[in-house]
Amino acid sequence: MSRTEDQMDKKLEELLRTPPEFNLSEGFQDRVFRKIAQREAVSTRAYSWVYALAIAIFLIAAVICLVLFSNTGSLTGLLEIGSWGAMIGVLVVIFQLLDNRLVRKKSHLI
Amino acid sequence: MLSRMDEQVLVREVLGGSQWAFRQLMDKYQRLVVHMVARLVDDQRDREELCQDVFVKVYESLGSFKFDAKLSTWIATIAYRMAVNSLRKTSRRAPEQDLDTIQFSLGHEEGGMEAMDYAKFIQSLVGQMPLNYRTVLTLYYLEGFSYPEIVKVTGMPEGTVKNYLFRAKNKLKAIAEPYIGKEIHEL
């Protein structure tokens, strides 16, 4: 490689290392935090709706069962099944809460 | 850039809920994200929005970062993918041409360039190159990434990365030689 070519290479590499002219505006980091907070609020709302819907379905199902079986002798068995269902439901809610707090670890930042 | 140990501490602090730690992380890697986005996305209005989205994504995905690469490589990968997705969505760019078929616009009359404009001139030429060429040039020269790191970010084979760098540099040299070469001869 000739000396001129070598210099040309060096000059080109030097120019390629020049950063593009673009700067972020003031308050960029605050806007990132706001965006994170907005997304978390949306996600929390979505979770709340899912929980509310699940509880509503559970209650409606319980009422229907009570109405259907109230005149038969199997009401005691039904209540026992219902209490197991409620216990599983509570465990699912606890699991979701732990998942949100320990695994995702999002809620403390903002 | 941070050492592996510092990276781990910083990431753990962010995951632990420290806002200060996430600000530190943004301070450290803002330059990398800005360079990637500025080189890949032409629209000024989209750039800042995209930089914000990259850091939101970094924050939301940090729990899945397994320290199997440098944090800078991981963040550059996110920035690269999000920039490419953004370009696909907006579809403002014409379909990518081959490097050899591009008619580069020089943006000035021959001989009418000041020495201080050389950097802008080269940046304008890089900006007219296909996306993959711009990406490897940015990562290699601007960020000082190694070949394996560029492979990790772009998913291209190492041979392709080297080939893109070689061809891009030759192309730039061929176009810029009449201008920059003149300055060198005068030295």
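# A chat about chains A and B

Me: Which side chains meet in a salt bridge with K173(B) in it, and at what distance?

Reply: In this predicted model, the side chain of K173(B) meets that of D9(A) in a salt bridge, with 2.9 Å from N to O.

Me: How many salt bridges does the rule find across the interface, and how many polar contacts?

Reply: The rule finds seven salt bridges across the interface of chain A and chain B. Across that interface there are also 14 residue pairs in polar contact, counting pairs in which both residues have pLDDT 80 or more. When the whole structure is searched, over all chains, the number of salt bridges found is 14.

Me: Why would such side chains pair at all?

Reply: Side chains of opposite charge can pair when their charged atoms come close.

Me: OK, what does E13(A) pair with?

Reply: E13(A) forms a salt bridge with K169(B), and the closest N and O atoms of the two are 2.6 Å apart. The pair crosses between chains, since E13(A) sits in helix α1 of chain A and K169(B) in helix α8 of chain B.

Me: Is K169(B) buried or exposed?

Reply: K169(B) counts as buried, because its relative accessibility is 15% and the cut-off for buried is under 20%.

Me: Switching to K35(A), which side chain of chain B does it meet at 3.0 Å?

Reply: That is E49(B), whose side chain meets the one of K35(A) in a salt bridge at 3.0 Å, N to O. E49(B) lies in helix α3 of chain B, residues 44-61, while K35(A) lies in helix α2 of chain A, so this pair joins two chains.

Me: Which residue forms a salt bridge with K35(A) at 2.6 Å?

Reply: D53(B) does, with its closest N and O atoms being 2.6 Å apart from K35(A). D53(B) lies in helix α3 of chain B and K35(A) in helix α2 of chain A, so here too the pair joins two chains. Through shared partners, the salt bridges join K35(A), E49(B) and D53(B) into one network.

Me: How accessible are those three?

Reply: K35(A) counts as buried at 16% relative accessibility. E49(B) is partly exposed, with a relative accessible area of 42%, and D53(B) is partly exposed as well, at 25%.

Me: Changing topic, how many helices and strands are there in chain B?

Reply: Chain B has eight helices and zero strands. Of its 187 residues, 50% count as buried. Among the contacts in chain B with a separation of 6 or more, 71% are between residues 24 or more positions apart.

Me: What about F121(B), where is it and how far is it from A176(B)?

Reply: F121(B) lies in helix α5 of chain B, which covers residues 118-127, and F121(B) is buried, with a relative accessible area of 4%.

Me: Last one, where in chain B is the confidence lowest and where is it highest?

Reply: Confidence is lowest in helix α8, residues 158-186, at a mean of 84, and highest in helix α7, residues 147-154, at 94. For chain B the mean pLDDT is 85, and 86% of its residues reach 70 or more. The model scores ipTM 0.78 and pTM 0.73. Where pLDDT is low, the predicted coordinates should not be read in detail.

Notes
Residues are numbered from 1 along each chain as its sequence is written. Chains are lettered from A and ligands numbered from 1 in the order in which they are written. Side-chain values use heavy atoms; hydrogens and water are left out. A salt bridge is a side-chain nitrogen of Lys or Arg within 4 Å of a carboxyl oxygen of Asp or Glu. A polar contact is a pair of N or O atoms within 3.5 Å; within protein, one must be able to donate a hydrogen and the other to accept it, and residues adjacent in sequence count only if both atoms are side-chain atoms. pLDDT is the predictor's confidence in each residue, from 0 to 100. Helices (H or I, at least four residues) and strands (E, at least two) are DSSP runs, numbered from the N terminus. Buried means under 20% relative accessible area, exposed over 50%, partly exposed in between (1.4 Å probe, protein chains only). Contact means heavy atoms within 4.5 Å.
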